[in-house]
Amino acid sequence: MPKLQERQLDQIADQLAEQDYAIIDNFLSAEEIDAVLNVFDIHKKDGKFKRAAIGDSDNKTVDQSVRKDLIKWIENDNAKSPTQVFLNRIDAVKDFLNRTCFLGIKEYETHFTIYPPGAFYKKHLDQFNKSGHRKISFICYLNVNWQPEDGGELRMFLPDGILDIAPTAGRLVCFRSDVVEHEVLVCHANRYSLTGWMLDQYIDLSFL
Ligand code: OGA
Ligand code: MN
């Protein structure tokens with residue numbers, strides 16, 4: 001398994017420190033993306049994808065006027081090997097950010113995500129009002145041959161204005177969960193990603 005390059009780790013930490021977000025390509029290789037997409041297919045066939053909810057664990061609702069994606073939470077200790085490759089790499093990012101940016105990240109929670117055609121996620125912040133434990137959001141896109149007409153860009157609302165990011169295969173986007181407002185524009189083709197958050201406390205898996 002090719003390791004994450006030191007240069008990529010530096011880029012993530014530097015960009016996050018400078019601008020509260022980071023974008024790096026080739027976080028996963030073409031072969032790794034293919035293997036993860038096979039895992040998506042297995043979970044899809046097994047009926048594991050559910051409509052995503054909004055709100056924290058005390059206050060959860062499925063509101064399809066806000067978001068229309070389908071998700072399956074990843075159990076870190078029970079992940080299939082292509083998923084584990086991704087988690088190991090996120091682990092390296094977590095350790096690096098803790099060493100260089102003193103973020104105090106303890107854990108991360110991650111889900112597989114599918115936006116079917118017509119799906120979107122309206123403008124929001126990832127840190128919930130009551131529980132501020134999400135520190136860094138990360139999304140790795142898996143859309144091979146993504147075309148502009150497929151839509152589904154990640155739109156970030158930054159101090160300098162709007163930035164639209166194409167969800168192309170192998171790209172990793174990270175941002176501060178407490179400050180970067182964002183939305184997912186309407187998709188016109190299936191949009192696949194791995195989506196997660198680095199947390200400053202250990203997770204309670206009882207909600208799974
Ligand atoms: C989210 C989210 C962005 C994306 O799941 O909270 O904002 O590009 N995802 O998938
Ligand atoms: Mn979000």
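Let's start with salt bridges: this predicted model has 10 of them by the distance rule used here. As background, side chains of opposite charge can pair when their charged atoms come close.

Take R89 and E32 as an opening example. Their closest N and O atoms are 2.8 Å apart. If you follow the chain, you'll see that R89 sits in helix α3, residues 81-101, while E32 belongs to helix α2, residues 30-45. The two are 57 residues apart, so this pair links distant parts of the chain. Are they buried or exposed? Both R89 and E32 are buried.

Next, please look at the strands. E109 forms a salt bridge with R134, with 3.0 Å between the closest N and O atoms. Here E109 comes from strand β4, residues 107-115, and R134 from strand β6, residues 134-141, which puts them 25 residues apart. E109 has a relative accessibility of 11%, so it counts as buried. R134 is buried too, with a relative accessible area of 11%.

Strand β6 also holds K135, and its partner is in the segment after β11 (191-199): that partner is D200. The N to O distance in this bridge is 3.5 Å. What does the pair tie together? It joins parts that are 65 residues apart in sequence. D200 is partly exposed, because its relative accessible area is 24%, and K135 counts as partly exposed at 28%.

One more item on this topic: D20, R176 and D178 are linked in a network of salt bridges.

Now let's move to the metal. Which residues hold the manganese ion, ligand 2? The ion is coordinated by H124 through NE2, D126 through OD and H182 through NE2, at 2.0 to 2.1 Å. Along the sequence, these donors follow the spacing H-x1-D-x55-H. We can say something about the surroundings of two of them as well. Buried means under 20% relative accessible area, so H124, at 13%, counts as buried. D126 is also buried, at 7% relative accessibility.

Last stop, a pocket. The second largest pocket contains about 180 Å³ of space. Its lining is made up of H43, K48, K72, W73, I74, E75, N78, A79, K80, T83 and F112. How do those residues divide by class? There are 4 nonpolar, 3 polar and 4 charged residues in the lining.

Note on methods:
Residues numbered from 1 in each chain as written. Chains lettered and ligands numbered in written order. Predicted model: local features only at pLDDT ≥ 70, side-chain atom pairs only at ≥ 80, totals over all residues. Heavy atoms only, no water. Donors = N, O, S within 2.8 Å, 3.2 Å for Na, K, Ca; no water. Buried < 20%, exposed > 50% of the residue type's maximum accessible area, 1.4 Å probe, protein only. 1 Å grid on protein atoms, 1.4 Å probe; cavity = no way out; pocket = protein on both sides within 12 Å on 5 of 7 lines; lining within 4 Å. Points joined across faces, edges and corners; volume = space filled by probe spheres on them. Nonpolar A, V, L, I, M, F, W, Y, C, P; charged D, E, K, R; others polar. Salt bridge = Lys/Arg side-chain N within 4 Å of Asp/Glu carboxyl O. Helix = DSSP H or I, 4+ residues; strand = E, 2+ residues; numbered from the N terminus.
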